[in-house]
Structures are given as C-alpha cells and as structure tokens.
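Hi,

Here is the structure I promised to pass on.

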Amino acid sequence: MNKLPKKFIERVASNLKKYQRITVAQQKSDVAEADTVTLVKDILADVFGYDKYDELTSEHQIKATYCDLAIKIAGKLRLLVEVKSAGSSLADNHLRQVIDYGAHQGIHWVILTNAVEWRLVRIYVANQISHEEVCRIVLADMNPKNADHLQCLFLFAKEGLTTDAMDAFHQQAQLFNKFTVSAIIRSEAVISVVRREIRKLFPDIKVGNENLSQLIENEVVKRDTIEGDKAKEAVARMRKALNKLERAKKKIPKIPDIDPVS
C-alpha cells in the first residue's frame with residue numbers, strides 16, 4: 001500500500017463530503033454534460049489536487065476530435081479524462097472512445113467519469129489496442145476515514161499520478177489475482193503437495209500427478225482462470241518468477257564441509 005501524504009488526506013477530508021452531495025444532486029437533476037465537465041474540474045482540483053488553471057485543459061484536441069479534459073504536469077500530457085453527463089450511465093462505447101483517444105495520443109492512462117462514477121483504465125498498444133480497467137469508484141460511497149477508500153482515491157490524485165502509484169497498483173493487481181492463484185494451484189510443485197497429502201490421509205488411494213492435474217483443471221478450478229490471454233500471462237509470469245528463483249539458487253556458493261578439530 002502507498003504511504004499517503006498528509007496533505008492529500010487532509011484535502012480529501014475537507015472537500016469530499018461537499019462533492020458527494022453535489023454529485024448526487026446533479027445525478028438526480030440529470031444536468032447537461034457541459035455542467036458535469038465543470039463539476040469534474042472542481043473535483044479534480046479540490047479533491048484530487050490538480051491546479052485548475054495550470055494543469056487542467058478543456059477540450060483537448062486529438063486528431064479530428066476532442067477529449068473533454070487533459071491533465072498536464074509540468075507541461076507534459078499525462079492523463080486524459082472523458083466526461084459524460086451526471087445522469088447518464090457509463091457505457092462500453094464511452095470507454096472505447098476514450099481508449100481510442102489515449103492510444104492516438106500515446107497516453108497509457110485515461111479516466112472515464114460522469115462525476116458520480118470514476119473509472120481508471122490502462123491502455124496497451126501493441127499489435128492492436130487493448131485495455132484493462134484497473135480501478136472503479138463511486139464517489140458517494142467513499143469514506144475519507146477508510147484506509148482502503150483513501151488508497152483508491154489516491155490513484156486519481158495528483159500525488160498518485162506524480163509518484164506512479166497507478167502503475168504500482170496495476171502491477172500488484174496483475175500479480176495478485178485469480179489468474180495467478182489458479183496458475184500456482186495448477187503448478188507441478190503444488191500438485192505434488194496435494195498428491196502427498198491425499199496419500200497421507202487416504203493411503204489406499206492411488207493417484208498420480210497427471211490424474212490430479214486433470215481433476216484440478218477440469219473440475220476444481222474455474223475455466224475462466226485457465227483459458228484466455230490473462231490466464232496465459234499469469235502462467236508466463238509464474239514461470240519467469242520460478243526461473244528467477246532457480247538462477248538465484250545456483251548463484252549461492254556451496255559451503256564446504258569442515259572436519260572437526262581433533
């Protein structure tokens with residue numbers, strides 16, 4: 001977890017409640033998108049700590065179209081924000097639009113929001129454009145006295161952006177998830193341990209590693225943690241970590257036996 005700056009904690013404690021009330025009211029009133037953009041700018045400034053006049057740019061042009069807001073730190077474009085009206089629900093087509101914005105601008109992070117809900121999205125540009133939602137919050141549900149809530153809010157804040165908290169959070173989320181745990185459970189080392197425990201508890205049962213592996217993959221672990229790109233990435237990360245451990249073991253010098261002094 002990130003060590004949160006005192007200034008950030010105090011700012012959230014002072015301003016969050018006010019904007020929770022305003023966002024709920026604007027959602028009920030179904031205000032226009034332009035009014036929501038104004039509200040989002042105020043939240044970015046008063047809650048998340050950005051300079052409204054120096055770091056927030058409205059109607060940022062990207063090729064032939066515009067993104068609602070862009071965040072610049074020391075003159076460098078760091079984050080794009082796509083805003084929808086407070087009364088609307090955020091939809092996949094809204095997400096595709098902001099991802100397209102970010103990919104064309106070479107930006108890795110974008111925010112999609114209607115002031116009520118905030119989504120932080122990581123963009124990947126390789127052979128094709130892809131994305132992953134890293135964090136989602138509902139502003140009205142956030143409690144400034146809750147440590148986990150503060151950690152989530154920190155990802156959207158200027159302090160989090162300038163300390164690369166988003167990347168660190170994303171990296172941890174990649175490592176600690178159902179795909180990684182599934183890959184570890186299906187590894188040869190864990191299957192051997194399970195087989196040993198089964199034989200210890202039930203000596204009459206004869207089971208091999210291959211049979212146990214098939215049982216775990218087909219009937220114990222959920223299919224969505226085994227199939228697909230994220231599952232393959234988790235297996236690759238686990239193998240890379242195991243190889244690193246093996247290389248480290250080989251580098252440890254063997255201590256020679258010393259004959260006791262007679």
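Below is what turned up, going from the whole chain down to one residue.

First, the ground rules: this is a predicted model, so local features need pLDDT of at least 70 and side-chain atom pairs count only at pLDDT 80 or more, while totals for chains, interfaces and linings use all residues. Residues are numbered from 1 along each chain as its sequence is written, and side-chain values use heavy atoms, with hydrogens and water left out.

The protein has 10 helices and six strands (DSSP runs numbered from the N terminus: H or I of at least four residues for helices, E of at least two for strands). Of its 262 residues, 39% are buried, meaning under 20% relative accessible area with a 1.4 Å probe, protein chains only.

Now the helix pair. The axes of α1 (residues 6-29) and α4 (residues 147-156) come within 11 Å and cross at roughly 100°; axes are lines fitted to C-alpha atoms over the stretch in contact, with angles from 0 to 180 degrees between N-to-C directions. That makes α1 roughly perpendicular to α4 (65 to 115 degrees). On the α1 side, Phe 8, Val 12 and Leu 16 meet Leu 150, Leu 153 and Phe 154 of α4, where contact means heavy atoms within 4.5 Å.

Further along, helix α1 also holds Thr 23. Thr 23 is buried, at a relative accessible area of 1%. Beyond its neighbours within four places in sequence, Thr 23 touches Leu 39, Ile 43, Ala 115, Val 116 and Leu 139.

Cheers

Definitions and conventions: Angles under 35 degrees count as roughly parallel, over 145 as roughly antiparallel, 65 to 115 as roughly perpendicular and the rest as oblique. Buried means under 20% relative accessible area, exposed over 50%, partly exposed in between (1.4 Å probe, protein chains only).
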